[in-house]
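Visitor: Please take me in for a close look at one part of this fold, the packing of its side chains. I'd like one connected account.

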Amino acid sequence: MNEYEGTVAGETDELITTHMPLVGHIVRETMGRVPSHVSRDDLTSAGLTALVLAARAYDAERGVPFDRYAATRIRGALLDELRSVDWASRSVRRRARDLAETRGRLANVLGRTPSVAEVAQAAGMSPDEVVANDDDVSRAQVLSLQGSATTPIEELVPTRAPSPEDLVEHAERLTYLREAIEELPERLRVVVRDYFFAERPMAEIAAELGVTDSRISQMRAEALTLLRDALNHALEPSLVQSTGKTGGVAQRRRESYFAAVAARHADGARRGVATPLDAVG
């Protein structure tokens, strides 16, 4: 190794050593936004690898500060790591399916959406367990659609570029998602905007709406189900799950909601209005 190579290697090592705390900061930030089963060690390992690669590839002459450049590479690596595993563990998804079946049965019997307490009693669980499971699944759903709560996917992924078809499909899904949020009943729309986009605490939203934390959790789950079914109704009708009695009040409300989303989308298409997800809120 000549003197120049030794100097470069030393500078690279210094960049890595100096910025290792940055990996810890971004991992902590990420852990607060993903389901509890996600491994901190796996994210840290991916982040450190990205830091090393960033230090080796960094070119100071481009005028971009290393901490900013490295943070983008690290967040991209964490996103890739999260994409490589299921957003919710098998046990979480299995329990979520069981809870969905329980809710469906209760809705048919009661003629309305069951409360968290009713679902918990029927499933042999505590209300806190039901809320925790719903929370993991709902975070998984939103993170899967949004990619990151702080930085757009386009800025995070450092290498693999989506195909033009993927970009069109992704943009269409985000457009439908925004329109579906806009057509939610007012209180459900408030919960979605405040909890997922404004990141307000559940207790704060509950106090503002004059309901309990459990009711907010129930409203959040109800809103996410409507959003999922609205997107499927527009883009993948075979995936729409029927709930409630055929021809019943609940089903008529769902169909009216789907029709309103479709009408809003058609109106936007006629006017040529772009409706990115960032416009929500």
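Guide: Happy to! Let's start at T12, which lies in helix α1, residues 3-18 (helices are DSSP runs of H or I, at least four residues, numbered from the N terminus). This is a predicted model, where local features need pLDDT of at least 70 and side-chain atom pairs count only at pLDDT 80 or more, while totals for chains, interfaces and linings use all residues. Residues are numbered from 1 along each chain as its sequence is written, and side-chain values use heavy atoms, leaving out hydrogens and water.

T12 is buried at 14% relative accessible area (buried is under 20%, exposed over 50%, partly exposed in between, with a 1.4 Å probe and protein chains only). Leaving aside residues up to four places away in sequence, T12 touches A55 and R56, contact meaning heavy atoms within 4.5 Å.

Now to the largest nonpolar core, with 25 residues; A180 and Y257 are among those with the most contacts inside it. Such a core is a set of buried Ala, Val, Leu, Ile, Met, Phe, Trp, Tyr and Cys residues joined through side-chain atoms within 4.5 Å. Helix α12 (213-235) is one of the elements giving two or more residues to this core, and α12 gives the most, eight. Beyond residues up to four places away in sequence, the contacts of A180 include L227, Y257 and V261. Y257 itself is buried, at 7%.
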